[in-house]
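Q: I'm new to this one. Can you take me through it?

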Amino acid sequence: MQAKSARIVVVGAGQAGAALVAKLRALGHDGPLTLIGAEPDLPYQRPPLSKAYLKGELERERLHLRPASFYAENGITVETGRAVAAIDRAAKAVVLADGTRLAYDLLALTTGATPRRLPAAIGGDLDGVLVMRQLADADALAARLAAGAARALVVGGGYVGLEAAAVLREKGLTVTLIESAPRILARVAAPATADFFRALHERHGVEILEGAALARLTGAAGHVTGAELGDGRRIAADLVLVGIGVAPDTGLAEAAGLAVENGIRVDALGSTSDPAIFAAGDCASFPHDAARIRIESVPHAIDQAEAVAAAMLGGTEPYTARPWFWSDQYDVKLQIAGLNTGWERTVTRPGAREGSLSVWYFAGTRLLAVDAMNDPRAYMSGKRWIEAGRSPEADRIADPAADLKTLA
Ligand SMILES: Cc1cc2nc3c(=O)[nH]c(=O)nc-3n(C[C@H](O)[C@H](O)[C@H](O)COP(=O)(O)OP(=O)(O)OC[C@H]3O[C@@H](n4cnc5c(N)ncnc54)[C@H](O)[C@@H]3O)c2cc1C
């Protein structure tokens, strides 16, 4: 059987799934192609959920990655609102929640990630305790705002929590953000970047409590009323947004006996431990340098899905991640190039624009990553150097008089 006419099923109609099916057709795949998604919507972009969409500045339809006509014109069957419950590897079929079976020659898993929740034992199941992953979550939050919620507690100082805190504050709510680690962004950024965003939020009136252990959420008549911290402090809130990270959605893969290691384990071609099954995006861990990593970002989801589409059709080009990411908070656009894992030292550099700053991560003399706050020039230079494996001297970068163009 030719891969180009194989029956292909893709489970997970998100960013990676949508990119994968489009790329398969672009590369000439002409066999039956089905994209199955548990959510009711066509594949959509998630970043605006905690940004423009939450602000009310972007219409729902604009979130869709492609219109329904794209899938129809390309002969791609999209099954929305349908969850895959199991993979029957022996029979090469997926089993939907309603028992329907769908045979495949090749299968791709693009199941994404699931937000971590607070345990019910500490009030995680109270009404008014929300997460932010799906359109339905953003709509649920918007409904609380429309109903007059005035005091928000954000649990978790990562990018999603900080972005939501910014929007809630801009909408006039009283916002407190608690972070159990000694500082916000502890898992993903250096102290200099955290300092920048802490100061930004405090200027806008968000109260940030770091090293703040949550003892429990409090409630009345089943609805959340606030939180109690480990040191006895109490915070009143009408709604609580929990942004404490995500776990890769590996349930299907694990139940089917596929190798899982911080995500569905794939090789450089996106192949799992079953050669007929591939995976890409937030749900997959893959080899990178000498390590195995998992990346949660839109650019990676698209790039890896496209590389996997080529591999499914017989391509042999290994996937190389060129990580970049962004976040919007108030009037600050953060752009990140590279991966800062293993950094030993950072230097900072003020940008040309008032209040702009870049933070550069080094391991020894090797430039790993840059966080650029309202500084697209620093971002572009850093991205170019990192992708080319070039490392300007840290001290030169830190010198605001040194022209970035003349470095490296
Ligand atoms: C609020 C928010 C803000 C973000 N902001 C940014 C940003 O600024 N920049 C950036 O680069 N990234 C951002 N991200 C991350 C980015 O959205 C993800 O990395 C990206 O969506 C990953 O794509 P994916 O296809 O792997 O997973 P997803 O887009 O999550 O898609 C997975 C889909 O699979 C479905 N699924 C799972 N299991 C099954 C099953 N058994 N059957 C059927 N369907 C199933 C899920 O319902 C889901 O729809 C943000 C994420 C969130 C939640």
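Q: What stands opposite Thr-176 in strand 12?
A: Glu-207 does. This is a predicted model, where local features need pLDDT of at least 70, side-chain atom pairs count only at pLDDT 80 or more, and totals for chains, interfaces and linings use all residues. Residues are numbered from 1 along each chain as its sequence is written.

Q: How many bridges join strand 11 to strand 12?
A: There are 4 bridges between strand 12 and strand 11, which covers residues 174–179, and the two run parallel. Strands (E, at least two residues) and helices (H or I, at least four) are DSSP runs, numbered from the N terminus. Two strands pair if DSSP finds at least two bridges between them.

Q: Which sheet are they in?
A: An open sheet of 5 strands with parallel pairing, in the order 9-16-10-11-12.

Q: Which strands stand at the edges, and why is one side of each left without a neighbour?
A: Strand 9 (129–130) and strand 12 (207–210).

Q: New topic, the ligand. Which residues come nearest?
A: Gly-12, Gly-14, Ala-16, Gly-112 and Gly-281, out of 37 residues around the ligand. A residue is near if its C-beta atom, placed from the backbone, lies within 6 Å of the molecule.

Q: Which elements and domains supply the shell?
A: Helix 1 (15–26), helix 9 (298–312) and strand 22 (324–329) each give at least two residues. Domain 1 (3–114 + 247–312) and domain 2 (117–244) each give at least three; the bounds come from an automatic or database domain assignment.

Q: You mentioned strand 22. Which strand forms a hairpin with it?
A: Strand 23, with 2 residues between them. Tyr-330 in the turn has a positive phi of about 55 degrees. The two strands run antiparallel, joined by 6 bridges, and strand 23 covers residues 332–338. Trp-324 stands opposite Ala-337 in strand 23.

Q: And the whole chain, how many helices and strands?
A: The protein chain has 11 helices and 26 strands. The C-alpha trace spans about 65 × 60 × 35 Å along its principal axes.

Q: How much of it is buried?
A: Of the 408 residues, 44% count as buried, meaning 20 or more other C-beta atoms lie within 10 Å of the residue's own, with C-beta atoms placed from the backbone.

Technical notes. Buried ≥ 20, exposed ≤ 12 C-beta atoms within 10 Å, placed from the backbone.
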